[in-house]
Amino acid sequence: MKAIFIAYNQAYGEEIVELLDEYGQRGFTQWIDIQGRGGEEGEPHYGNHAWPTQNYAILTIVNDDSKADDLMEALAAKDRQYPDLGLRAFRWEVDKMV
């Protein structure tokens, strides 16, 4: 079982949720209007007059490891398609869930 945390520019809107749907990933928790900045070249997303954009984030638990691989690749492809928007996904092992 894998946990995938996805942080992304609000400009993606519902695209990331739609991507989860495409891969049969129903369950997730979403945070909206969150602030952050990229560690390398990304612009800040603070929701203020100087840096008006903000981020969203999703945490989803994927039961099938091969589905997690496929989802991560789809997220990477989306990031390559729109590199200026900013999208990061992190995956780690879930050893127990209630």
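A residue counts as buried when its relative accessible area is under 20%, as exposed when that area is over 50%, and as partly exposed in between. The structure discussed here is a predicted model.

- T60 is located in strand β3, which covers residues 55–62.
- Because its relative accessible area is 1% and the cut-off for a buried residue is under 20%, T60 is classed as buried.
- The side chain of T60 makes a polar contact of 3.0 Å with the side chain of Q25.
- A polar atom of the T60 side chain also lies 2.6 Å from the backbone oxygen of G27.
- When neighbours within four places in sequence are left aside, the residues in contact with T60 are K2, A3, I4, L20, Q25, G27, F28 and L71.

**The packing of helices α1 and α2**

- Two packed helices are described by the angle between their axes and by the distance between those axes.
- Helix α1 comprises residues 15–22 and helix α2 comprises residues 65–81; their axes come within 10 Å and cross at roughly 145°.
- The crossing of α1 and α2 is right-handed.
- On the α1 side, the residues that meet α2 are E15, I16, L19 and L20. Their partners in α2 are L71, A74, L75 and K78.
- Sorted by class, the contact of α1 with α2 contains six nonpolar residues, two charged residues and no polar ones.
- L20 of α1 and L71 of α2 take part in this meeting of helices, and both are also among the residues in contact with T60.

**Salt bridges**

- Side chains of opposite charge can pair when their charged atoms come close.
- The structure holds five salt bridges; three of them are described below.
- E93 and K2 form a salt bridge through their side chains, with an N to O distance of 2.5 Å. This pair links distant parts of the chain, since E93 belongs to strand β4 (residues 87–93) and K2 to strand β1 (residues 2–9), 91 residues apart.
- What are the classes of the two partners, buried or partly exposed? E93 is partly exposed because its relative accessibility is 49%, whereas K2 is buried because its relative accessible area is 14%.
- The side chains of D69 and R91 meet in a salt bridge of 2.4 Å, N to O. Distant parts of the chain are again linked, with D69 in helix α2 and R91 in strand β4, 22 residues apart.
- D69 counts as partly exposed at 41% relative accessibility, and R91 counts as partly exposed at 37%.
- D79 forms a salt bridge with R88, in which the closest N and O atoms are 3.5 Å apart. D79 counts as buried at 19% relative accessibility.

**The position of R88**

- R88 is found in strand β4.
- Its relative accessible area of 48% makes R88 partly exposed.
- Which residues does R88 touch, not counting those up to four places away in sequence? They are F5, I6, A7 and D79. D79 is also the salt-bridge partner of R88.
- R88 and E40 are 48 residues apart in sequence, and their C-alpha atoms are 12 Å apart in space.

Terms used. Residues numbered from 1 in each chain as written. Predicted model: local features only at pLDDT ≥ 70, side-chain atom pairs only at ≥ 80, totals over all residues. Heavy atoms only, no water. Helix = DSSP H or I, 4+ residues; strand = E, 2+ residues; numbered from the N terminus. Buried < 20%, exposed > 50% of the residue type's maximum accessible area, 1.4 Å probe, protein only. Polar contact = N/O pair within 3.5 Å; in protein donor to acceptor, adjacent residues only side chain to side chain. Contact = heavy atoms within 4.5 Å. Axes fitted to C-alpha atoms, helices over the stretch in contact; angles between N-to-C directions. Left-handed = near helix turned anticlockwise from the far one by under 90°. Nonpolar A, V, L, I, M, F, W, Y, C, P; charged D, E, K, R; others polar. Salt bridge = Lys/Arg side-chain N within 4 Å of Asp/Glu carboxyl O.
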